[in-house]
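Visitor: I am new to this structure. Please show me how to read it, feature by feature.

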Amino acid sequence: MSKEKLLIVDDQFGIRILLTEVLQKEGYETFQAANGVQALELVKKYTFDLVLLDMKIPGMDGIEILKRMKKIHSDIRVIIMTAYGELDMIEETKKLGALTHFAKPFDIDDIRKAVKESLLMKAD
């Protein structure tokens with residue numbers, strides 16, 4: 001069985017590395033993007049089972065990235081990562097079809113669990 005592919009989109013290198021390590025240990029194949037342009041190029045090239053998307057990215061913000069991803073793959077599955085206090089953005093991402101969200105700094109076990117649950121929902 002092929003591994004599920006996850007895309008981590010965050011401008012913070014440390015967060016990308018942390019999530020990559022944790023999620024690879026869980027058996028997922030992970031890809032990283034530091035900005036919207038990289039993320040969209042990857043989404044055009046591969047079919048991801050799940051995307052972890054940070055909202056605050058210089059250049060193209062998370063909402064714009066999410067909108068563009070949905071144009072490429074309308075059924076793409078996305079979990080949002082936000083800093084505290086971006087509730088208005090969270091509402092908008094939900095309308096755009098994001099599955100759930102996390103506030104940073106996040107608990108790595110919560111992320112692990114949400115990724116697992118989001119991928120299980122897909123299997124149904």
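Guide: Start with terms. Helices (H or I, at least four residues) and strands (E, at least two) are DSSP runs, numbered from the N terminus. Two strands pair if DSSP finds at least two bridges between them. Here, strand β1 (residues 5-9) pairs with β2 in the parallel sense, over five bridges. Within that pairing, isoleucine 8 stands opposite glutamine 32 in β2.

Visitor: What should I know about the model and its numbering?

Guide: This is a predicted model, where local features need pLDDT of at least 70, side-chain atom pairs count only at pLDDT 80 or more, and totals for chains, interfaces and linings use all residues. Residues are numbered from 1 along each chain as its sequence is written, and side-chain values use heavy atoms, with hydrogens and water left out.

Visitor: In what order do the strands of the open sheet run?

Guide: Strands of a sheet pair through backbone hydrogen bonds, either parallel or antiparallel. This open sheet has five strands in the order β2-β1-β3-β4-β5, with parallel pairing. β2 (29-33) and β5 (100-104) are at the edges with a single partner strand each, so one side of each has no neighbour in the sheet. From one strand to the next, the twist averages 20°.

Visitor: How many aromatic pairs are there?

Guide: Rings of Phe, Tyr and Trp (its six-membered ring) pair if their centres lie within 6.5 Å; planes under 30 degrees apart count as stacked, over 60 as edge-to-face and the rest as tilted. That rule gives three aromatic pairs. Take phenylalanine 31 and tyrosine 46: their ring centres are 4.6 Å apart and their planes stand at 40°, so this pair is tilted. Phenylalanine 31 lies in strand β2 and tyrosine 46 in the loop between α2 (36-45) and β3, so the pair ties together parts 15 residues apart in sequence. Now take phenylalanine 31 and phenylalanine 48: centres 5.2 Å apart, planes at 80°, so the pair is edge-to-face. Ring pairs link Phe31, Tyr46 and Phe48 into a cluster.

Visitor: Is phenylalanine 31 buried or exposed?

Guide: Buried means under 20% relative accessible area, exposed over 50%, partly exposed in between (1.4 Å probe, protein chains only). Phenylalanine 31, at 14%, counts as buried. Tyrosine 46, at 26%, counts as partly exposed.

Visitor: Which residue's side chain does arginine 112 join by a polar contact?

Guide: A polar contact is a pair of N or O atoms within 3.5 Å; within protein, one must be able to donate a hydrogen and the other to accept it, and residues adjacent in sequence count only if both atoms are side-chain atoms. Arginine 112 lies in helix α5 (residues 108-123). Its side chain and that of glutamate 26 are joined by a polar contact of 3.1 Å.

Technical notes
Axes fitted to C-alpha atoms, helices over the stretch in contact; angles between N-to-C directions.
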